[in-house]
Amino acid sequence: MPKTVTVSLPALARLIDHSLLHPTLTDADLSAGLALARSASCASACVPPYAVPLAAAALAGSPVAVCAVVGFPHGTSSSAIKLTEADAALRDGATEIDVVVNVGKVLGGAWPYVEHEVEALNRLVTSRGALLKVIFENDYLADEHIARLCELCTRLGVAFVKTSTGYGFVKQPNGMYSYKGATAPHLKLMREHAGPGVQIKAAGGVRTLDELLYVMSLGVTRVGATATQAILDEARRRGIGEDEVKVEVKAINGNEGGAY
């Protein structure tokens with residue numbers, strides 16, 4: 001039998017962290033994106049640290065959370081700087097923090113460093129009543145790194161583990177840079193190794209309704225997306241409205257094991 005998920009338009013919107021992170025965005029662009037996130041009642045609007053005050057003002061009185069990125073996009077800031085950046089974002093009105101791990105430390109096997117950094121950030125964020133999402137940047141990692149990071153985050157009680165920044169470009173043999181972002185094998189691996197109390201956020205490459213429905217079927221409960229309006233418009237065209245309906249999940253590109 002075909003796989004199905006039960007959805008409604010509001011439930012789909014509440015899966016989405018509307019991403020406003022491209023470095024070329026002006027304040028006018030940010031304001032327009034925040035208005036979209038508010039009108040759609042997304043889970044959050046995800047913004048760079050300097051834009052947290054703007055986001056907090058634009059989203060005040062709405063159910064849309066302000067999500068700030070920390071150590072973005074490469075995770076190479078010192079732990080002290082990441083803590084300072086997170087502290088400032090929380091003071092400015094963020095209630096969710098998406099932080100990038102130090103990928104070089106992960107690849108080098110410096111697990112005590114990684115654990116200490118994540119633990120300190122999670123302690124700070126949760127002490128303010130906020131939640132932490134830890135970005136792995138899976139394109140740079142082997143399965144063993146992803147599994148161990150999931151186990152580490154589970155042990156520390158992190159709210160979410162997240163696949164990618166959307167900016168983790170890998171140099172290809174032809175000299176060009178590209179990324180896969182959230183892929184089915186990685187999402188399945190993360191769901192397998194993260195504890196039941198840890199949620200999964202897929203980011204990077206989820207651009208259509210079918211892709212969103214598919215990652216939902218793999219256990220994803222939050223998606224970072226720039227194509228929010230297009231996804232919700234497609235849902236409306238396909239008869240998804242205020243009431244819950246069952247919809248069929250399609251394998252992406254006919255290959256459940258492939259990237260989106």
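Me: The helix I mean is α7, residues 143-156. Which helix axis comes within 10 Å of the axis of α7, and which residues make the contact?

Reply: The account below starts with the model and then turns to the helix. This is a predicted model, in which local features need pLDDT of at least 70, side-chain atom pairs count only at pLDDT 80 or more, and totals for chains, interfaces and linings use all residues. Residues are numbered from 1 along each chain as its sequence is written, and side-chain values use heavy atoms, with hydrogens and water left out.

Helices (H or I, at least four residues) and strands (E, at least two) are DSSP runs, numbered from the N terminus. α7 covers residues 143-156. Its 14 residues, at 1.5 Å a residue, should span 20 Å, and the end C-alpha atoms are 20 Å apart, which agrees. The expected span is 1.5 Å times one less than the number of residues.

Now the partner. Two packed helices are described by the angle between their axes and the distance between the axes. The axes of α7 and α6 (residues 111-127) come within 10 Å and cross at roughly 40 degrees. Axes are lines fitted to C-alpha atoms, for helices over the stretch in contact, with angles from 0 to 180 degrees between N-to-C directions. That angle makes α6 oblique to α7. Angles under 35 degrees count as roughly parallel, over 145 as roughly antiparallel, 65 to 115 as roughly perpendicular and the rest as oblique. The crossing is right-handed: the near helix is turned clockwise from the far one by less than a right angle.

Contact means heavy atoms within 4.5 Å. From α6 come Trp111, Val114, Glu115, Val118, Glu119 and Asn122. α7 supplies His145, Arg148, Leu149, Leu152, Arg155 and Leu156. These residues divide into six nonpolar, two polar and four charged. Ala, Val, Leu, Ile, Met, Phe, Trp, Tyr, Cys and Pro count as nonpolar, Asp, Glu, Lys and Arg as charged, and the others, Gly among them, as polar.

Next, burial. The buried residues of α7 are His145, Ile146, Ala147, Leu149, Cys150, Leu152, Cys153 and Leu156. Buried means under 20% relative accessible area (1.4 Å probe, protein chains only). Their cover includes helices α5 (103-107), α6 and α8 (184-193). Strands β6 (131-135) and β7 (160-162) are also included in that cover. Just after α7, Gly157 takes a positive phi of about 75 degrees.

A second pair can be set beside this one. The axes of α2 (residues 27-40) and α3 (residues 52-59) come within 10 Å and cross at roughly 40 degrees. That crossing is right-handed.

Terms used:
Buried means under 20% relative accessible area, exposed over 50%, partly exposed in between (1.4 Å probe, protein chains only).
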